[in-house]
Number of protein chains: 4
Amino acid sequence: MLRPEDPGAAPQILSRLAQAYADVRRATRALAAPLSAEDCCVQSMPDASPAKWHLAHTTWFFETFVLEPHEPGFAPFHPAFRVLYNSYYQGVGARHPRAERGLITRPALQEVLDYRTQVDARMQALLARPLDAQLQALIELGLQHEQQHQELLLTDIKHLLSCNPLAPAYAEAAYAEAASAEAAYAGAAMQDAPALAALRWLPLAPGLRAIGHAGEGFAFDNETPRHRVYLNGCEIASRPVSNAEYQAFVDSGAYAEPAHWLAEGWDWLQSRGRTAPLYWQRSEDGGWAEFTLHGLQPLQSAQPVVHLSYYEADAYARWAGARLPTEAEWECAALEFAGEVPVQAAARLHPASMKSADAGFCSAPGEVWEWTQSSYAPYPGFAPAAGAVGEYNGKFMVNQYVLRGGSCASPPGHVRPSYRNFFPTVACWQFTGLRLARDL
Amino acid sequence: MLRPEDPGAAPQILSRLAQAYADVRRATRALAAPLSAEDCCVQSMPDASPAKWHLAHTTWFFETFVLEPHEPGFAPFHPAFRVLYNSYYQGVGARHPRAERGLITRPALQEVLDYRTQVDARMQALLARPLDAQLQALIELGLQHEQQHQELLLTDIKHLLSCNPLAPAYAEAAYAEAASAEAAYAGAAMQDAPALAALRWLPLAPGLRAIGHAGEGFAFDNETPRHRVYLNGCEIASRPVSNAEYQAFVDSGAYAEPAHWLAEGWDWLQSRGRTAPLYWQRSEDGGWAEFTLHGLQPLQSAQPVVHLSYYEADAYARWAGARLPTEAEWECAALEFAGEVPVQAAARLHPASMKSADAGFCSAPGEVWEWTQSSYAPYPGFAPAAGAVGEYNGKFMVNQYVLRGGSCASPPGHVRPSYRNFFPTVACWQFTGLRLARDL
Amino acid sequence: MLRPEDPGAAPQILSRLAQAYADVRRATRALAAPLSAEDCCVQSMPDASPAKWHLAHTTWFFETFVLEPHEPGFAPFHPAFRVLYNSYYQGVGARHPRAERGLITRPALQEVLDYRTQVDARMQALLARPLDAQLQALIELGLQHEQQHQELLLTDIKHLLSCNPLAPAYAEAAYAEAASAEAAYAGAAMQDAPALAALRWLPLAPGLRAIGHAGEGFAFDNETPRHRVYLNGCEIASRPVSNAEYQAFVDSGAYAEPAHWLAEGWDWLQSRGRTAPLYWQRSEDGGWAEFTLHGLQPLQSAQPVVHLSYYEADAYARWAGARLPTEAEWECAALEFAGEVPVQAAARLHPASMKSADAGFCSAPGEVWEWTQSSYAPYPGFAPAAGAVGEYNGKFMVNQYVLRGGSCASPPGHVRPSYRNFFPTVACWQFTGLRLARDL
Amino acid sequence: MLRPEDPGAAPQILSRLAQAYADVRRATRALAAPLSAEDCCVQSMPDASPAKWHLAHTTWFFETFVLEPHEPGFAPFHPAFRVLYNSYYQGVGARHPRAERGLITRPALQEVLDYRTQVDARMQALLARPLDAQLQALIELGLQHEQQHQELLLTDIKHLLSCNPLAPAYAEAAYAEAASAEAAYAGAAMQDAPALAALRWLPLAPGLRAIGHAGEGFAFDNETPRHRVYLNGCEIASRPVSNAEYQAFVDSGAYAEPAHWLAEGWDWLQSRGRTAPLYWQRSEDGGWAEFTLHGLQPLQSAQPVVHLSYYEADAYARWAGARLPTEAEWECAALEFAGEVPVQAAARLHPASMKSADAGFCSAPGEVWEWTQSSYAPYPGFAPAAGAVGEYNGKFMVNQYVLRGGSCASPPGHVRPSYRNFFPTVACWQFTGLRLARDL
């Protein structure tokens, strides 16, 4: 997003970081605006955090890592927050148990908003001073970190609302697509929906490539170092799998047929009693509806399928005679077949339909995170940053799988070919879908 | 509380019930007044319910059992509430899972308060009409039911606040006792505290007695029918066990000595890692502090010990060379040695100290619920009421133990000798203590 | 069984105890005779113990409580056995975890049999000497203890074999009843089976009674002291509930109807997915079969229903418009309506049919344990024995319910009116049934 | 091991397969020879299987996959065995629950041995006939499968015996090493032990390589297809980490320092309360002892450390300033630095010490399985075999990590550079250790 500048440079340069700070912080607050204090307080499962916690924890990051060592005469907003809003940084000390984040009714939402306001003012005071490159980079990391939590805030509140039998909407605003053409096809057979872009197979030739962050702009440590990989060659789909395609899998009885599933995936299915993706439910007319941030909506055939676990993505690929791509294949294809990437103004609340006019690899850039078959592991030569912020990525490099792309809920700037998202195989409350690949 | 009246009686008679309705409903709302919407929404464990749920469920009782069959042109406030706020009445139909009551951020607290307001208006309209005795009894049951939830609201919010590392207070108001004499003894050795009433042993002679509701005033079905019992004779303590006495048990190492405990109680201790009562914690000066609805407070020696499980009550009694009384012994003693029972104006937030001036059995009437060794079982000839309200008590008559007396948080009118409270042996978030008995 | 004798009495008196010792010990061994070393080693659930453990633990009792303090120059058979075969006696010290008893493949079965042989020889040497009354009582307690384990050995092995999809039989020997008349009715409608004794209601008048061990013969401490109780009067059934009667309950859909069940019982049903008693399964012809120690057998209509949890017994009684008796009612009725009790030579492997010729209360004495509604609690004035053997009964007096009567698998001499068996409400692997009572 | 032959070839060729069959089957039986029927029956945890189950399941493989489709007039040894001894092949149908394998006391061990004898005779009859290449390959797969179970039989019985507080030995035979020189050093400081080979860093240059089965001899499907990989270059240790080296890690307090551990690894440590590797325990002299198949033995400093979880291997590497190798690095190094691999006659019961005379990469070939940082995934172009045997490897390719090398308990022939073993990160009951790598 921003490159560090020489501390001696003109003030208008530095104010770019200050402006970015203000923008990101304002965006987080805007995401919480449609929510009541009650919505912001509750935790629906250990994996998800309350919105209030996201608001406070992202602030804690700046207070703890930036202000505490760099602000003259630092005094904490509240001494207990150091423990209360630490996520997992062992280097910082104790932390409140993750599964009990929802029990903290006090401080109230308003007090947390006051915490944000105060820290923002102190941060802007600090940002008005010359900052060395290392401190600029740290603040930039804090902003990227906060943007990651913006996406989590949306997926976490979506999960919470989905647990409510009233199926309340996060945003009552008109459901753009449903109001448009697609709604007309709701009753029609899905294969007739004209809006869905045809799936094309893009050839990825064997050969040496390089992947990883190339040096321009911000990147997380886990995207580095850039390094060589050898691809054995494959074909990769021009777009993610659609709802219509996935529904054919569901309707074929696949959730009752062990042959399609990894052994562990089958056990997971049985233990959850899952017979369709997380937020799908039968509608009264026998079709499918999907819980969204706009409430319960008819399933849209041309939208990418979303909220899949790794097991579901893998099983679909197997059923379709294909496989998941590796993360190296994905990254190389994204660069080689880059289409026109529409500039995305802000996070949206649901993946858009994949229109037939789309072309190139990124036919639906940043609509859904795409599972790859690559386990999340350090790149050759990877070294985490020193100090507590070094706990950012490396300590999670086991038993998780890499997702590439970016979702409708990803903040602008977080959709880049080298970005490595990662989740355990059972996670399906994120906007997770898949793209097919197949061996030559 | 109230006896049903002839429907043809004068209107001022009926308005007694209307007045009682207004009083009880107002009291519930007052208990929630110090709480934020966030406080009211969260559930800290499956056994406890959110305050908002208590506010709604008690209203649901009147809407479902009274208005639905008796209000002309009945229409529900919200059709989903029938399921959402059903506690356990199978006869009414489906119910929201108990452990997920805290996930319902919507309806908001304000909407639930509106629900109360609307139902109250409709109930007052109904109460202005002549009602037959059966309907009066049903409304009276609804009020008693709501009063039981008033006590639960306090104990549930206490548990929630206790999970918060900030140890927030429900009521910041001056901690009456702490501000008075006792505070002076905080540092002194406990046995020197002059306020504690001496424990006397009251003799209960062998012989036939009768227990159970005698017919005057309201009683729950589980207090009936009145029936004969034979007591083999014992001595029973003049007051509950105090903090000072229980602390001697703790300080003796009793939580590490299996000989004092029931086998199941010892296993429970180990599984929880408990080394003292639920809300006790070491204070910085090496003494004990106790989490209360007024926040963390120094342990008061002359107050009755509170928040004990059955296992802890039983172990203390064994250690003290005594035993728990049976519920029949308790009830008979309460009648035979009835002291002057001070009129209690309202529920209070913590048990009062047991003053040396107290006399008779009820030296601290209604300060703590007292565990008895009696399993909760139907009285001879017991028959539950017909219909869904018949699920009120009888279906829980297994694996629970009877508690007698009443606590500081019990509403006025709920402290009577025949009242049977009941909880599983592991419950300790209620205001539960004990009184000793011993065989002759 | 035996009364202690004056140590100075003639040797033939003492040899009665020696003879009893030899008989009981031989009987235990005989029960294990049909079992392989593999059968004897495995533990099918934490509640059940391996047969080898029963063989060793009963021996440990004599070695630890009798030989260790009383044998000159005592040396243990194996020093590790003190921990390995301690069941729960905290006074003795450490113990092997209960749920891991099945992991002890060594010592081998043969070594445990050698342990028995050696301890038996040492015990007989001790029994040949004059013994004081206290030691005689202790040995008698050890024999009664071993007899209790004989019954557990059978129920535990039955559970283990029931987990085997091959449904193997403990004893292949001809299934006495199945080979006789009843087999002819297997296909006929159950109500036509002529062998079932008609159920009569025996009146139990209100009034003062006394229950508890009266002083003649052996009794466990929990049967004492004898004390007065007041009965409010009821009617009690002349025999336990039969398979035919219970099948009508099952066939009525009762396992899907919450109204019949205690709230906790209903939750238990759901969590287990239980739709019939533990060992029942549908036979190929659409009828019911039952797993027995003789393998899978057609359900016999005139046999008492068996292997019920407390919840099932309670639900049946409610469905039948009756209730479970209290233990005091049971004991008084057993004495007042005592029929002719056939002398039982040895434990049998399955309850016998209740023949129409039976009369009096004990129409099927000792065929099934009968659940009562009485929680297991100390009698007034109860005091456990001193020392580790005092842990025998008292420490389990919570959250268990009393069963009266005795089962086909109970050793001769264990069927007496004052005997108090006890199990948690979920237990159904014992030979547990029920008898109805109803208020006047 | 064997290559398929032309069915028309001379009988002595075919008899090579028959001979191999006889050898492998005899070896399995020999491994069970020191075990009692009780030892063979019990299951110590869901991951481990009883020895009797291994004996039966490996036989089931031949009966189900070879005899059933190829034996004229096939009739099963026992119809229930098809379900009882199916491990996980969904294509074959139902299977007995994995966690309940230890409850099958019948068939008895002897009956399973008879099952083996009968199937062996039928297999030898079939092997005496001309077999096409596909059938030969299937039988070869069955033998490799059985050899894998030979190793599991040893690790599973080791775990079972380790649960026994008597710490019994599988083989009482002299503990070769303990009886020799090393025993002398038991009391000495570990760094003085002269036998430990010095650790050298072997350079692995960047560049393209090929890995995977090269076409000679047997390989499992997961070793194919051979394919190109690019290595970024590293150094790899000449031998696995030793007990002395790992003990330094333990003694440094590493099990209490979260900075060394993956987040998930730290949580695992806490949940198990682990403070040292699985089978380590403090000896009375303050040193360390290790449970082995020869019983409890003093820890030998020059032996490779063994029974580590992935988390422990990763944490040690991090602490040592290194990392785990990838499986491609491991395989390439094994080929490039291949030392003289001693021919191993048979599986042994414990890893041998790493002698100072060792040279090259394989200084301790096949002593311990070595964790790599590579998640178990399909090779590019991987396709499982058709039919039920295709469930052999592919369905487990998620959330497991690849181990390379081979252990003391691996059968001869199973130690080859392309062999891919795999286990979940928490597994530590296999003979699992590690070798360090580091970036250039």
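In β7(D), Gly295(D) is the bridge partner of Thr292(D). This pair belongs to a predicted model, in which strand β6 (residues 288-292) of chain D and strand β7 (residues 295-298) of chain D run antiparallel and are joined by 4 bridges.

**The three-stranded sheet of chain D**

- Chain D contains an open sheet of 3 strands in the order β1-β4-β12, and its pairing is antiparallel.
- The edges are taken by β1 (201-204) and β12 (437-439) of chain D; each has a single partner strand, so one side of each is left without a neighbour in the sheet.
- On average, neighbouring strands of this sheet are turned by 25° against each other, direction ignored.
- The pairing of β1(D) with strand β4 (residues 234-237) of chain D is antiparallel and extends over 4 bridges.
- Within this part of the sheet, Trp201(D) is placed opposite Ala237(D) of β4(D).
- Helix α11 (residues 327-336) of chain D lies across β1, β4 and β12 of chain D, and its direction makes an angle of about 105° with β1(D).

**The four-stranded sheet of chain A**

- In chain A, 4 strands make up an open sheet with the order β10-β9-β8-β11, and the pairing is mixed.
- At the edges stand β10 (421-423) and β11 (432-433) of chain A; since each has a single partner strand, one side of each is left without a neighbour in the sheet.
- Strand β9 (residues 401-405) of chain A is paired with β10(A) through 3 bridges, in the antiparallel sense.
- Opposite Val402(A) stands Phe422(A), which is part of β10(A).

**A helix pair in chain D**

- Two packed helices are described by the angle between their axes and the distance between the axes.
- For helix α3 (residues 51-70) of chain D and helix α6 (residues 133-162) of chain D, the angle is about 170° and the axes are 9 Å apart.
- The helices α3(D) and α6(D) are therefore roughly antiparallel to each other.
- From α3(D), the residues that meet α6(D) include His54(D), Phe61(D), Phe62(D), Phe65(D) and His70(D).
- From α6(D), the residues that meet α3(D) include Leu135(D), His145(D), Glu146(D), Leu152(D) and Ile157(D).
- Sorted by class, the contact of α3(D) with α6(D) has 11 nonpolar, 7 polar and 1 charged residues.

**An annotated domain in chain A**

- An unreviewed UniProt entry carries the annotation "domain: Sulfatase-modifying factor enzyme-like", which covers residues 202-334 and 355-438 of chain A.
- The span of residues 202-334 of chain A is 28% helix and 22% strand, and its end C-alpha atoms lie 10 Å apart.

**Chain B against chain A**

- Chain B is superposed on chain A by a rotation of 180° with 0.0 Å of shift along its axis, at an RMSD of 0.0 Å.
- That is the relation of a two-fold axis.
- Within chain B, the C-alpha nearest the axis belongs to Glu38(B) and lies 2.4 Å from the axis.
- The copies meet through the same surface, because 100% of the interface residues of chain B are also interface residues in chain A.
- In this interface, 25 residues of chain B are in contact with 25 residues of chain A.
- On the side of chain B that touches chain A, α2 (37-41) and α4 (81-84) of chain B each supply at least two residues.
- The most is given by α2(B), with 4 residues.
- By class, this side of chain B has 15 nonpolar, 6 polar and 4 charged residues.

**Chain D against chain A**

- The contact involves 25 residues of chain D and 25 residues of chain A.
- The elements β3 (227-231), α9 (263-272) and β8 (369-375) of chain D each supply at least two residues of the side that touches chain A.
- The most comes from β3(D), with 4 residues.
- This side of chain D divides into 13 nonpolar, 8 polar and 4 charged residues.

Terms used:
Residues numbered from 1 in each chain as written. Chains lettered and ligands numbered in written order. Predicted model: local features only at pLDDT ≥ 70, side-chain atom pairs only at ≥ 80, totals over all residues. Least-squares fit on C-alpha atoms with pLDDT ≥ 70 in both. Contact = placed C-beta atoms within 7 Å. Nonpolar A, V, L, I, M, F, W, Y, C, P; charged D, E, K, R; others polar. Axes fitted to C-alpha atoms, helices over the stretch in contact; angles between N-to-C directions. Parallel < 35°, antiparallel > 145°, perpendicular 65-115°, else oblique. UniProt positions renumbered as here; feature names shortened; annotations may be inferred. Pairing = 2+ DSSP bridges.
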